[in-house]
Amino acid sequence: MGESRLRNRGGSLLRGNLVRNMLRRPGALPLPVAPGDAVSRLDDDVADFADFPTWLPYIIGEGLFTVAALLILFQIAPRITVLALLPLLGVLLLNRLAFRRMLHYSRESRQAAGNVAGFLGEILGAVQAVKVADATGGVIAHFRQLNEERRRVSVRQTLFNALSLIH
């Protein structure tokens, strides 16, 4: 119960601050990202950030448990402990090398999803203009193109995350 309250309050505070800062911008200055990307960030990124404080006790507890276990193992059999840690260190190195690629795919995926959401927002705001201009076919074709790009990037990110050591 405390976790959800902390998560909700932190997310609400962060979203409120972000929206307040967006509204303080002069009207002629556009957002640094596409409107759809901004909506996506207000949802996904804020949720991740708001969840972080609830993860800390688990991370600290698991870290302390790991250190204690390694100390006990090292006192019992130092050579076996070192040999057992070598594959773990190799996995950690591969994980760090893959992290940069994962960030790249995540950024691409967020941008593509933002493009789709932004385009949908623009179209929903301009339905009458699209109908008057008889541009429905072109709009649908462009939407399909954006959505196909989003799907392709999302599949690549999901596949990379499934195959990598990063979860």
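Mentor: Helices are DSSP runs of H or I with at least four residues, strands are runs of E with at least two, and both are numbered from the N terminus. This is a predicted model, in which local features need pLDDT of at least 70, side-chain atom pairs count only at pLDDT 80 or more, and totals for chains, interfaces and linings use all residues. Residues are numbered from 1 along each chain as its sequence is written, and side-chain values use heavy atoms, with hydrogens and water left out.

Trainee: How many helices and strands does the chain have?

Mentor: The chain has five helices and zero strands, which gives the order α-α-α-α-α from the N terminus on. Along the principal axes, the C-alpha atoms fill a box of roughly 80 × 35 × 30 Å.

Trainee: How much space lies in the largest pocket?

Mentor: Rolling a probe the size of a water molecule over the atoms shows where empty space is left. On a 1 Å grid over the protein atoms alone, a pocket is an open set of points where a 1.4 Å probe fits, with protein on both sides within 12 Å along at least five of seven lines, and lining residues have an atom within 4 Å of a point. The volume is the space filled by probe spheres set on the points, and for the largest pocket here that is about 310 Å³. Its lining has 15 residues, of which Asp45, Ser106, Arg107, Arg110 and Gln157 lie nearest the centre. The elements that give two or more residues to this lining are α2 (35-76), α3 (78-125) and α5 (136-163), and α3 supplies the largest share, eight residues.

Trainee: What is the lining of the largest pocket by class?

Mentor: In the largest pocket there are four nonpolar, five polar and six charged lining residues, where Ala, Val, Leu, Ile, Met, Phe, Trp, Tyr, Cys and Pro count as nonpolar, Asp, Glu, Lys and Arg as charged, and the others, Gly among them, as polar. The second largest pocket, with about 220 Å³ of space, has a lining of seven nonpolar, one polar and two charged residues. Among its lining residues are Leu18, Met22, Arg25 and Arg41, and α1 (2-24) and α2 each supply at least two of the lining residues.

Trainee: How many aromatic pairs does a search of the whole structure find?

Mentor: A pair of aromatic rings is described by the distance of the centres and the angle of the planes. Rings of Phe, Tyr and Trp (its six-membered ring) pair if their centres lie within 6.5 Å, and planes under 30 degrees apart count as stacked, over 60 as edge-to-face and the rest as tilted. The search finds two pairs in the whole structure. Tyr105 and Phe160 are edge-to-face, 5.3 Å centre to centre with 70 degrees between the planes; Tyr105 lies in helix α3 and Phe160 in helix α5, so this pair ties together parts 55 residues apart in sequence. The rings of Phe119 and Phe143 are stacked because their planes stand at 15 degrees, with centres 6.5 Å apart, and these residues too belong to α3 and α5 respectively, so the pair ties together parts 24 residues apart in sequence.
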